[in-house]
Amino acid sequence: MKGKTADGGWSPYLAGALLGLLAIASAFASTQWLGKTKYLGASTSFVRAAGLIEQKVAPELVAANEYYTKTKVRIDWQFMLVVGIFAGALISSVTDRSYRLESVPPIWKERFGNSVLKRAVGAVLGGVVAMMGARMASGCPSGHGLSGMMQLSVSGFVAMGMFFMVGILVAALVYGRRSS
Amino acid sequence: MSSDQWLGLVTGILFGFLLQKGRVLRFEKQVGAVLLEDMTILKFMLSAILVGMIGITVLAEADVIATSRKSMNLGAVLLGGALFGGGWAIMGFCPGTSIGALGEGRWHAVFAIIGMLLGAALYAELYPFFKSTVLAWQDFGKIGLPEALGVSAWVVIAVFWVAALALFLFFEKKGL
């Protein structure tokens, strides 16, 4: 097991194990300092962000919406966790010089070419479907995958199984015919 | 900022740092995993779970922390999980990694983020419909594997460790 990977990153085993320690420390620290155990997650923050944006244009719609009311549209612990992910990735990539401006990702480029518009349409459509699914299931790979499985939650194991099974199926259909 | 916002921010910075160091934020790593060509994200996630599940179980059994399991609502987890899996393969990011990818310069992640914000708003609009259909099918509640299987948490953890280590050996042997 090498400590560094070919692309200058850390071994995924090492970085992952450290994330496991962070998840434990975070559960402990939030219980001690906030009086409530917090688990890593991300998708609920997209509901809160969508609600905050919608409040600017149609506040009455947000106020009358059952799901927004249930989720509570506000900037909470997890919202700032997601903001922190951006900052942490920026710090890490700038300091190890892996920061790259990229308009179309590899694999996608091999299959669909250099068009930014095509990538935008694919990403928006995929994003709509994925987030509807994540909210329906009440979690994403962070909430269900990491936090759910760490707590030995049945829903975490089943959700991760579905994410990967359907992901493998759709990826084979979408990227199966690549030029390289 | 309040103390919960500060704690969230600091935890998030460390989370993002580790995601970036593990090189798991990238589109090609996520799609590479579902194409069964590059198992980096699975190695990363499973390693986090292997370590995390021990600490979380010890602290929860000692009543130092509370658990917060998500409900095993059959329709929600199966259909929601399937929709997420399909959308994820096309988008190439999950919610947390899209934000991190933006942080490491992959600015096209902004399209995925816009899509997910639209998806969240759409879900909020359609929630009453889902609540009376998919979500109303069958809910087993916030169950854990140990209770479901009638074994100790440590048996589940031991089996998971053996299975994950076997998978790691397989990945390394195949160069995935």
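Modeller: Helices here are DSSP runs of H or I with at least four residues, numbered from the N terminus. This is a predicted model, where local features need pLDDT of at least 70, side-chain atom pairs count only at pLDDT 80 or more, and totals for chains, interfaces and linings use all residues. Residues are numbered from 1 along each chain as its sequence is written, chains are lettered from A in the order written, and side-chain values use heavy atoms, leaving out hydrogens and water.

Biologist: What makes a residue part of the contact between chain A and chain B?

Modeller: Contact means heavy atoms within 4.5 Å. By that rule, chain A brings 121 residues and chain B brings 119 residues. On the chain A side, 79 are nonpolar, 31 polar and eleven charged. Helix 1 (12–34) of chain A gives the most to that side, with 21 residues.

Biologist: How much area is buried between the two chains?

Modeller: About 10300 Å², with carbon and sulfur atoms giving 75% of it. Buried area is the accessible area (1.4 Å probe) that two parts lose on being put together, summed over both. Tyr13(A), Met136(A) and Leu152(A) supply 8% of what chain A buries against chain B, more than any other three residues.

Biologist: Why is the pair Glu66(A) and Lys131(B) called a salt bridge?

Modeller: The term asks for a side-chain nitrogen of Lys or Arg within 4 Å of a carboxyl oxygen of Asp or Glu. In this pair the closest N and O atoms are 2.5 Å apart, so it qualifies. The count between chain A and chain B is six salt bridges.

Biologist: And what makes a space in this structure a cavity?

Modeller: On a 1 Å grid over the protein atoms alone, a cavity is a set of points where a 1.4 Å probe fits but cannot get out; lining residues have an atom within 4 Å of a point. The structure holds two of 30 Å³ or more.

Biologist: Which elements line the largest cavity?

Modeller: Helix 8 and helix 9 of chain A, plus helix 1 (3–21), helix 3 (40–61) and helix 5 (95–103) of chain B, each supply at least two residues. Among the 18 lining residues, Pro141(A), Leu19(B), Met45(B), Cys94(B) and Thr97(B) lie nearest its centre.

Biologist: How do you know which chains line the second largest cavity?

Modeller: Look at its lining: Ala23(A) and Leu146(A) are among the chain A residues there, and Ile56(B) comes from chain B. Helix 1 and helix 8 of chain A each supply at least two of the lining residues.

Key:
Ala, Val, Leu, Ile, Met, Phe, Trp, Tyr, Cys and Pro count as nonpolar, Asp, Glu, Lys and Arg as charged, and the others, Gly among them, as polar. On a 1 Å grid over the protein atoms alone, a cavity is a set of points where a 1.4 Å probe fits but cannot get out, and a pocket is an open set with protein on both sides within 12 Å along at least five of seven lines; lining residues have an atom within 4 Å of a point. Grid points are joined across faces, edges and corners, and a volume is the space filled by probe spheres set on the points.
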